[in-house]
Amino acid sequence: MTAKTLMVLGSMSSAGKSLLVTALCRIYARRGVRVVPFKAQNMSNNAAVCPDGGEIGRAQALQAASAGLTPHVDMNPVLIKPEGDSRSQVILMGRPWSTLQAKTYYEKKAILWDYITAAFDRLRNTYDLVVIEGAGSPVELNLKGGDIVNMAVACYARSPALLVGDIDRGGIFAQLIGTLWLLEPEERRLVRGLVVNKFRGDITLFTDGIQILEEKGNVPVLGVIPYLWGLNLPDEDAVSVEQAVQTSTPAGLVDLAIIAFPRIANFDDFDPIKAEPGVNVRYVRSPTELGQPNAILLPGTKSTLADLEWLQQIGLADSVRAFAHSGGSVVGICGGYQMLGTRIDDPQHVESQLDTFAGLNLLPSFTQFQSEKATFQSQAIITAGKGWMEHLEGMVLNGYEIHMGVSSDTTAWLKVTQRNGQPAQIPDGGISPDGKIWGCYLHGIFANDLFRRAWLESLGWSAGLRKITQAEDFQRSLDTLADKVENALNMKLLDQIIWEDKI
């Protein structure tokens, strides 16, 4: 039996499409429906690794987890990972396909469409319900001719659609009614409901707003979803980092400063830390914002050399070195770890026309870029911890790897023992003699509860503040999200749209 479908469109980027799809996957999975997420094309450097090593958007991996599924490349056949303002790496069916300028990418969309429809058809022939996520706005008129993710998918699937607007940004009537008016008549007929998202305050005060939307749009409003706080769930892209501004640190908290690289990637590595009480996590973009944190974290990046150059140009490289030399704790994950070493060699010119770059020289490692990307779900064991890490030797850590280089370090403290379920014996990471400066390639390392809390304790944090595990908090957040959305939406009408609508 061919699956039913529901498309979730947004009036703009960050309207809340991804979390709404996540919630719907959870709601219907709890009812016993075999539900699966799908997004034809995602643009994000926040990626996840599937069990076979394929890359998909972090949001689709979250949606898969919400549905109780293992992530698969069919859920996100095209992933665009920006490397600069007009150049991106294109991941097709989980694997690097090409690095293209924006103009060239649009010329290739006809090729990508065949992969997208094939992936969608496989899902539709396997599950009961496919919840499809759009991207940005479906009425970016200058881009619509090359659309392969919004109305092109809705029309191909003959899918009923919901249109979501973000009332927190203002202009909700222009967002929703304007989008409806700009759709072609045959596209507008697919939109079966409107959703007002991120409402703060007394929802009853928006009763007349609902009436206006329904009268002007001739489409029912399925619900008004409140602004949701306290969910320990990863963000889809770096918009949340770009908007994060914090001028001071509350007293009594362990203060962590994350370097906000222009091409930051996989920053959800730090979500488990942010979820801990007694910890303040902030993003910094200049030496003046750095202040006096308890630790500095260098995250992953899609363009290590470009972001290392940025770090040096704005003076943060000197600030990080000075902090480390004064006894401060500095941590690097993936690209951030590569920067901590003595140098980065690029003989094949993977990222630059230069052959070598000087690192921060805080660890004795050096990195050589390679053209082949390493993408693995990984398991590792601590073999040579120093300082606070000494008592953790033998601890097993789970995570994943996404990197283009290989690093050599005489102070390796990890051994990767599994990659994509296959045995391995690969040293990883580097660490200073006192354990204060360390790094590795293992994304997701802070999701390992005992490891995360041991590191925080070394900074003065009290482990007695929190008992729940990261995995428990993640599942609690998914259920809380689903509960809030289910209570806010007219589920009877939504069920009719999905199961009874004839298009």
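**Core, rings and a pocket**

Let's start inside. The largest nonpolar core has 66 residues, and those touching the most other members are L256, W413, W438, F451 and W455. A separate core holds 54 residues, including F38, L100, L183 and V224. Bear in mind that this is a predicted model.

Now the aromatics. The whole structure contains 19 aromatic pairs. Take W413 and F451. Their ring centres are 6.0 Å apart and the planes meet at 5°, so this pair is stacked. W413 sits in the loop between β22 and β23 (414-419), while F451 belongs to helix α15 (residues 449-458), so the contact ties together parts 38 residues apart in sequence. W413 is buried, at 0% relative accessibility. F451 is buried too, at 0%.

F451 has another partner. How are the rings of W438 and F451 arranged, stacked or edge-to-face? Edge-to-face, because the planes stand at 90°, with centres 5.5 Å apart. W438 is in strand β26 (residues 437-440) and F451 in helix α15, 13 residues apart. W438 also counts as buried, at 0% relative accessibility. Step back, and one aromatic cluster takes in F270, W388, W413, W438, F446, F451 and W455.

Two arginines next. R200 lies over the face of Y227, 3.9 Å from the ring centre.

Last, the second largest pocket. Its space is about 860 Å³. It has 28 lining residues, and R58, Y400, G444, A447 and F474 lie nearest the centre. Elements giving two or more residues to that lining are β4 (47-49), α2 (58-66), α10 (271-274), β22 (396-408) and α16 (470-488). By type, the lining splits into 14 nonpolar, 9 polar and 5 charged residues.

Conventions: Residues are numbered from 1 along each chain as its sequence is written. This is a predicted model: local features need pLDDT of at least 70, side-chain atom pairs count only at pLDDT 80 or more; totals for chains, interfaces and linings use all residues. Side-chain values use heavy atoms; hydrogens and water are left out. A nonpolar core is a set of buried Ala, Val, Leu, Ile, Met, Phe, Trp, Tyr and Cys residues joined through side-chain atoms within 4.5 Å. Buried means under 20% relative accessible area, exposed over 50%, partly exposed in between (1.4 Å probe, protein chains only). On a 1 Å grid over the protein atoms alone, a cavity is a set of points where a 1.4 Å probe fits but cannot get out, and a pocket is an open set with protein on both sides within 12 Å along at least five of seven lines; lining residues have an atom within 4 Å of a point. Grid points are joined across faces, edges and corners, and a volume is the space filled by probe spheres set on the points. Helices (H or I, at least four residues) and strands (E, at least two) are DSSP runs, numbered from the N terminus. Ala, Val, Leu, Ile, Met, Phe, Trp, Tyr, Cys and Pro count as nonpolar, Asp, Glu, Lys and Arg as charged, and the others, Gly among them, as polar. Rings of Phe, Tyr and Trp (its six-membered ring) pair if their centres lie within 6.5 Å; planes under 30 degrees apart count as stacked, over 60 as edge-to-face and the rest as tilted. A charge sits over a ring if NZ of Lys or CZ of Arg is within 6 Å of the ring centre and within 35 degrees of the ring normal.
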